[in-house]
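Subject: Structure handover

Hello,

Here is the structure for your files. My notes on what was found in it follow below.

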Amino acid sequence: MSFFSTLSGLGKLTLKKGVLLSIIAALLVPPVYAGILLSPKWGPYDHLSNLPVAVVNLDKGAVSDNEQIHVGNDLVADMKKSKDLGWDFVSKKEANDGLKSQKYYMVIEIPSDFSKKITTVLDPNPQPVQLNYIQNEGLNYTAAQITNTATENIREQLANKITEKYTKTMFGKLGDVAAGFKTAADGSSKLYDGTTQLHDGTGQLLSSLTQKSSDINKLADGSKQLNAGTLALLNSLKAKQSDISKLAKGSESLKNGTGQMLQSLNAKANDISALDAGSHDIKNGLGLMLNSINGKSKDISSLASGAQDLNKGASDLKAGTNLVLDNLKLIKAGNEGVNAGIAKLAPGSQAVSDGVSQLSDGSVQLAAVAAGLKAALDQLANSNAALASDPGFQKIVGTSKVLSDQLAGISAKTAPLKAGAAAVADGLGKISPATQSLATGTATLTDKFEQQIVPGAGKLVAGTALVAGGTNEVEKGWNSLSDGVSKLYAGSEKISGGTSAVNQGWKALTQGVTKLDAGAQQISGGNGSVNEGWQALTAGVTKIHSGADKVSAGNSAVASGWGDLTSGVIKLDNGAQKLNDGSKELADGLKKGADEAGKLKVNDKNISMFASPLETVGKKVNTFPVYTVSTAPYVLSLALFVGILIMSFFFDFKKPVGVAISGFAWFVDKFSKWSLLAVVQALILSLFVLVFLNYKIDNGFMFVLFALFASLAFSTIVFLLVTIAGNIGRLAALALIVLQLDITGANLPIEMLPENMRALSTYLPFTYTIAGFKSIISFNNVDIAWTNAYVLIAYIAGFALLAVTASLFFFMKKDELVEVSA
């Protein structure tokens, strides 16, 4: 559908519905809205002097340095000169009445002790200065913020004035400080002279102490060495006293021990002889044991060979059990086939028995009929001779006789056949349970054979393998035992020879211990005498050490005291030197301080610098020429959305019945006309802002293009909502507008919103239209504008797709097709 056909269809639609004037009025809503809100050139801060604020001055003044001060009056005088707010200087009652009658936005009260508290800055307990104010915030929030700023400015001005007062007071006292510095400098000069003399005396005393210090140290060291030597000698004697005593006791014990050893050796001589004889007996017994083990080695080898044969037989048995199991499985399958055949044969044999029984009964009946027929023919022949002589009749009579005889024979034979058939049927009935029992037994035998016999054969094979392995180990152990007994026998031979040698050595040891016992008796007597002499020597050295210890302690005390005295004099000399240096520095510093304090001259500019040393210097970028430019992005977004919503009341979204048309064709027709109205609205608004309101926008083309994107995005959203829900959809669109008023960057930056509001703003179209208009109007940043335009294009595509889906869905639900007014 071309643009002109769409425009033509739109014209026909509007003329048909008689709503052309309504649509034109709706198209003019955005420029009218923008004209009202964007045309004023004044700002919210242009007429602050009209904002009534009551000022109550209760300050009574004070005296500072014999000078009368009235800081409250000075503050009122400064307020009267300024036009920051609409100051109204009234009494406290008038101020309270005006606050109650909602006349004043704020009341500022200067307390009666305002000046007096300023003079307490140098007091031990300075009192902070207070400026009281009452804010009537309920009248207007913006006015409350403005009065907050004004109050802060007043506080800053008062702080500067108070600081100036404090600075003047402090600099006024600098003359007294300079005089004090000069007096202190004179006193410190005298102190310097005294400390110089003190330092000279401590230097002489330190020199004398230092010269004699080495002699004192030598005396102390010598006495310490003497004391150490006597102590070492005494300690050595004491330490060895126990050894000497032990030596005496040990020699006595040695004497007793050798006596006991001699007695023991004599007592054990017979046992040693018996040990010698026993070792010979052990050797003989091991010889017999070795012969017996070697004789049984062949039997052990035979046992191992038999175990191997047993294992091989078990393996063959296992193979046989597997073969038996396979045959049992075949028998089981055959029994199952026999059972199945008998199950099929039993009904047939019963049917045969029944048939033979019927045949027997029928043959008896036929035989009786044939006999009756024959009797009737015979009777007829006897009564009619002519008929009897007729060859044909004779032939019939002969045939009936043969038939009667044969039927009688058949009847006689069918009786055994009937009995046999019944016997067969009865036999099959008896055979069937037996074959079933046979099959069940075979299955049970097969399962048990498979579950118990075959695994048992496997375990038997494993057991015989273990037996074979065990017998091999027994054979190896027997061989090892044979080798061990051989070695044991060889060792017993050595033991037998050793015990013989021990017996001979025991005799020689007894003779030696006899001589040792005699010598131990002599040593014991000599060590007793040595012990007595050692004790006497220890007592004498103890007395010598006691005297040396007292001499050493006295000399150590002298040396320590001499060292402490020297250290004290050194510290005294160092302190005197530092005192001398410090008094000189103090004198020089005080004199210099007095000179510098005397040179210090302060004027009003210096005092002002002390009171307010900081001055901020800054500049603004991307400034707004007038206040309304700051609200333009928000106003333009709101005007476009409201215009689209109003237009939806006059646009025909109905689906009349009549002409057949698809849901997609209906959507294309309606959406193209609706989008054309949105484009027209955006062009009217953007041209009105550029031409009639004369907004200075550097990139006018981008401004118009972005307005088109914004208008189409809003129109697509409204189209979807109205298509789905009609007036309820319009109400939802209005709710969407209200939702976006405060959380899309209109009043507050999005970064200042709560976290959940920031997250929600990312999904709202106003966030991107306001940001895009702002980047074009204030920043002239095309990149940011295009970034937001891409998001709006996504809105257009997404909601258009949803609208198409909704149209197709609604048309599928309707039984009648719609009529297009074109």
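Q102 sits in the loop that runs between helix 5 (92–100) and strand 5. Its phi is near 65 degrees, a positive value in a residue other than glycine. The relative accessibility of Q102 is 43%, so it counts as partly exposed. Please keep in mind that this is a predicted model.

N694 can be listed beside it. The loop between helix 15 (663–692) and helix 16 (700–725) holds N694, and the phi of N694 is near 55 degrees, again positive in a residue other than glycine. With a relative accessible area of 45%, N694 is partly exposed.

N311 belongs to helix 10 (residues 297–383). Its relative accessibility is 17%, and because buried means under 20%, N311 counts as buried. The C-alpha atoms of N311 and V461 are separated by 6.1 Å, although the two residues are 150 residues apart along the chain.

**Strand 5**

How many of the residues of strand 5 are buried? Five of the five residues in 106–110 are, so the strand is largely enclosed by the rest of the structure.

In a regular strand, side chains alternate between the two faces of the sheet. For strand 5 both faces are covered. M106, I108 and I110 are buried on one side, and V107 and E109 are buried on the other. Note that E109 is on that list.

Strand 5 has these pairings:

- Strand 1 (residues 52–57) pairs with strand 5 in the parallel sense, over five bridges. Here V53 stands opposite M106.
- Strand 6 (residues 132–135) pairs with strand 5 in the antiparallel sense, over four bridges. Here I134 stands opposite V107.

**Helix 17**

Helix 17 covers residues 727–740, 14 residues in total. At 1.5 Å a residue it should span 20 Å, and its end C-alpha atoms are 20 Å apart, which agrees.

Which residues of helix 17 are buried? They are G729, R730, A733, L736, I737 and Q740. These residues cover an arc of only 110 degrees around the axis, which puts them on the same side of helix 17.

**The largest pocket**

This may be the part you want to open beside the coordinates. The volume of the largest pocket is about 710 Å³. Its lining is made up of 22 residues, and S630, G745, A746, N747 and L748 lie nearest the centre.

Which helices each supply at least two residues of the lining? Helix 14 (627–647) and helix 19 (765–779) do. Helix 19 gives the most to the lining of the largest pocket, with six residues.

By class, the lining has 12 nonpolar residues, eight polar residues and two charged residues.

Regards

Terms used: Residues are numbered from 1 along each chain as its sequence is written. This is a predicted model: local features need pLDDT of at least 70, side-chain atom pairs count only at pLDDT 80 or more; totals for chains, interfaces and linings use all residues. Side-chain values use heavy atoms; hydrogens and water are left out. On a 1 Å grid over the protein atoms alone, a cavity is a set of points where a 1.4 Å probe fits but cannot get out, and a pocket is an open set with protein on both sides within 12 Å along at least five of seven lines; lining residues have an atom within 4 Å of a point. Grid points are joined across faces, edges and corners, and a volume is the space filled by probe spheres set on the points. Ala, Val, Leu, Ile, Met, Phe, Trp, Tyr, Cys and Pro count as nonpolar, Asp, Glu, Lys and Arg as charged, and the others, Gly among them, as polar. Buried means under 20% relative accessible area, exposed over 50%, partly exposed in between (1.4 Å probe, protein chains only). Two strands pair if DSSP finds at least two bridges between them. The expected span of a helix is 1.5 Å times one less than its number of residues. The arc is that of the directions from the helix axis to the C-beta atoms.
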